[in-house]
Amino acid sequence: MNVLFAIGTGLMFGIGVYQVLRRDQIKQAMGFYTLFTAVNLFLLAVGAFDGQVPAYTDQVEAGGSPADPLVQALILTAVVISFGSFSVLLGLVNVSSRRYETIDSDEMDGLKG
Amino acid sequence: MDNLLILLPIFGPLAGGIISLLLARFVRVQGAVAMIAAIIAWVASLLALWSNWLDPSAPLVYELGAWAAPFGIVLVVDLFSGLFGVMCSTVMTAGVLYALGCHDKAVNTPAFMPLFLAIYTGLLGTMYSGDLFTIFVFLELMVLASISLVGISDHRLGVEAAIKYLFISGLGTLFLLLGIGSMYASFGTLNLADIAQSLAVEGRPLLAQQAGLVLMSAFLLKSAVFPFHFWQPDFHTTAPTPVHAVLSSVVVKVGVYGIIRLTTLLFTEEAGAIQDLLLVLGIVGIFFGGLGALRTYDGKRMLAYSTFGQIGFILVGIGWGTPLALLGAIVYAFNHAFIKSAMLMLMGAISSNTVAKKAEYTEIEGVGKKIGALAGVIYILGGLSLAGVPPLNGFISKLALVQGGIDAQGWWAVGLVVGGGILTLLYMMRTWQHIFQKDKPDHIKLKEQGDNLLAPALLVAACVVLGLYATPLLDVASATVEQIGNPEIYIIAVLGG
C-alpha cells in the first residue's frame with residue numbers, strides 16, 4: 001500500500017509543480033492546490049496503515065490494533081487551511097485580472113526591478 | 001492567574017478581531033475595540049515574561065483542554081518565547097495605534113482591524129505554542145491575514161505582490177507540512193519537548209534528518225534569508241504602512257525564532273553544521289541587503305532591503321553559536337523590531353503628506369522640511385540607532401553582537417559585520433538628504449494633514465530608553481541564553497519530571 005501511495009504522492013507533486021510553472025494564473029492556482037493534496041496524501045501514508053481496525057470503533061472484540069486517528073485530524077486541518085489559501089488565491093487572481101487586464105503571469109511585471 | 005497570562009496574549013486579539021468583525025458598520029468603534037484588545041494582550045505578555053523572570057527554572061505551561069503533554073496541545077512561555085512575545089506585542093500595539101491615525105483608504109475599511117488582529121494572534125500563537133502542528137496553524141493564520149491586507153492595499157501593485165507571496169509562502173507551508181509528517185513518521189509525536197527527548201534517546205533516523213532540513217528551509221523562507229529573499233522587498237513595499245511596519249520588523253522574526261528553537265532545542269548535535277551555513281548566509285544577507293538599500297530609489301523599499309541586511313546580522317550572531325553571540329543575536333532581534341517599525345511608520349507618514357502618497361525619492365523630495373520638526377527628530381534618532389551610534393539601542397545590540405563574535409574568535413566575520421554596519425549609515429544618510437535637505441520641487445502637492453506621528457514617536461522613545469538603560473534587557477537576554485542552553489528545563493516543564 002505504501003508503494004502505491006509513494007507513486008501517487010510523487011505523481012501529484014509532479015503535476016502540481018508543472019501546473020504552477022505555467023503562465024496561465026488559473027492553472028497555476030489549480031497546481032497550487034494539487035501540491036497541497038500531494039502533501040496531504042503523504043500525511044495520510046504516514047500513519048493510516050499502522051492498525052487493522054478503525055479508531056474509536058464500537059466493536060472492541062474485533063481485535064487488532066486500532067489505526068492512528070491523529071494523522072487524519074492533521075489532514076483535516078491541513079485541508080481546511082489549504083482550501084482557505086486556495087480561495088484567497090482565486091480571489092486575488094480575480095481582482096488582478098481586472099486591475100491589470102491579464103491573467104498571463106509574464107505580462108504581470110509591475111514589480112520588476 | 002498563570003493560565004490567563006498565557007491565554008490572553010493569543011486569545012485577546014482573537015476575541016477582539018471577532019468582536020470588531022461584528023462591528024463592521026462602525027469603523028471608529030472597531031478601532032477602539034482593537035486598541036483595547038491589543039493593550040490587554042500587551043500587558044499580559046509583559047506579565048508572562050515577568051513571572052518567568054522571577055523563576056527562570058519553571059516556564060509557564062498551559063495544556064489546552066487539560067490533555068496531558070505529549071498527547072494534547074501545549075502552550076509554553078519560557079524566557080525566550082516570552083521575550084519574543086513582548087517584542088511582537090509591543091510593535092503590534094504600536095501598529096494598531098498608528099492605524100488609528102492613518103488616512104489610507106485600506107486602513108479605514110471594516111476588514112482592516114480584524115485582519116490586523118489576526119496577524120497579532122498568529123504571531124503570539126507561533127511564539128507560545130509548544131507543538132509543531134500548532135505552529136503551522138498559527139503561521140498560516142498570520143500569512144493569510146497579511147496576504148489579504150496587502151491585497152487591499154492602496155498601492156496599485158498590491159495584488160500582484162500578494163499573489164507572488166502567496167505562492168512563495170505556499171512553498172514554505174508545503175515544506176513545513178512535509179517536515180511535520182516526517183517528524184510524526186519518525187517519532188509518533190509532534191510535541192517539541194517530546195521530539196527533543198526522542199532525538200536524544202533514539203538518535204536520528206533518515207526521515208528525522210530530512211525533517212530537520214525541511215523545517216530549516218521553511219523558517220529561512222519565512223524570514224527572507226538570502227536564497228529565499230526575492231519576494232520580500234516587493235511584498236513589504238506594497239503593504240499599507242501599519243502592515244509594512246509589522247511585517248518588516250516582527251513577522252520576519254518568526255523565522256529567527258524557529259531557527260533558534262531548532263538549533264537549541266531539537267537538533268543540538270547538528271547545530272555546528274547549521275551554524276556554519278547560517279554564518280555564510282548572514283554575511284551574504286548583510287552585504288546584499290545593504291547594497292540593495294543603497295541602490296534603490298524608494299524610501300519604503302530602502303527600509304525593506306535594510307531589514308534583509310539586519311536579519312543577516314542576527315543570523316551571524318546565531319551562526320557563531322557561543323552563548324555570548326546568541327545573547328547578541330537575541331538583543332539585536334529585540335532592538336531591531338523597535339527601530340525598524342518606528343522608521344517605517346515615519347516613512348509612511350512622510351509619504352502620506354503628499355497627494356500622490358508614494359515613497360519614491362522623487363515624490364517625497366524635500367517634504368521633510370515642510371511637515372514639522374518632530375519627523376526630523378524621529379528620523380535622526382531612528383536612523384542613528386539603526387546604524388548603531390551610541391547612546392541609542394542600536395549601539396547596544398551591535399556591541400553585544402561584536403562582543404559575541406570576539407568571544408567566538410570569528411575574526412573575519414567580525415570585520416565583515418563592522419564593515420557592513422557602515423553601509424547602514426550610508427543609506428540612512430542618503431535618504432536623509434533626499435527627504436530633509438533638498439528643496440521641494442513644485443510638482444509635489446502637499447496635503448493638509450498626514451498620518452499621526454504618535455506611534456513612531458513612542459517607539460523611538462523606547463529606543464532611546466533601551467539605549468540609555470540597557471541593563472534590564474541584557475539581564476533578561478542573558479538569563480534567556482542560559483535557559484535555552486539547557487533544554488532539560490523546557491522538556492521537564494512540558495513533560496513533567
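Contact here means heavy atoms within 4.5 Å. By that rule, 31 residues of chain B and 33 residues of chain A take part in the contact between the two chains. The model is predicted, so local features need pLDDT of at least 70 and side-chain atom pairs count only at pLDDT 80 or more, while totals for chains, interfaces and linings use all residues. Residues are numbered from 1 along each chain as its sequence is written, chains are lettered from A in the order in which they are written, and side-chain values use heavy atoms, with hydrogens and water left out.

The area buried between chain B and chain A (accessible area, 1.4 Å probe, lost on being put together, summed over both) is about 2,900 Å², with 79% from carbon and sulfur atoms. E160(B), F167(B) and Y184(B) supply 22% of what chain B buries against chain A, more than any other three residues. Across this interface, the rule for salt bridges (a side-chain nitrogen of Lys or Arg within 4 Å of a carboxyl oxygen of Asp or Glu) finds zero.

α6(B) gives the most, with 17 residues.

| Class, chain B side touching chain A | Count |
|---|---|
| Nonpolar | 18 residues |
| Polar | eight residues |

How values were computed: Buried area = accessible area lost by both parts, 1.4 Å probe. Helix = DSSP H or I, 4+ residues; strand = E, 2+ residues; numbered from the N terminus. Nonpolar A, V, L, I, M, F, W, Y, C, P; charged D, E, K, R; others polar.
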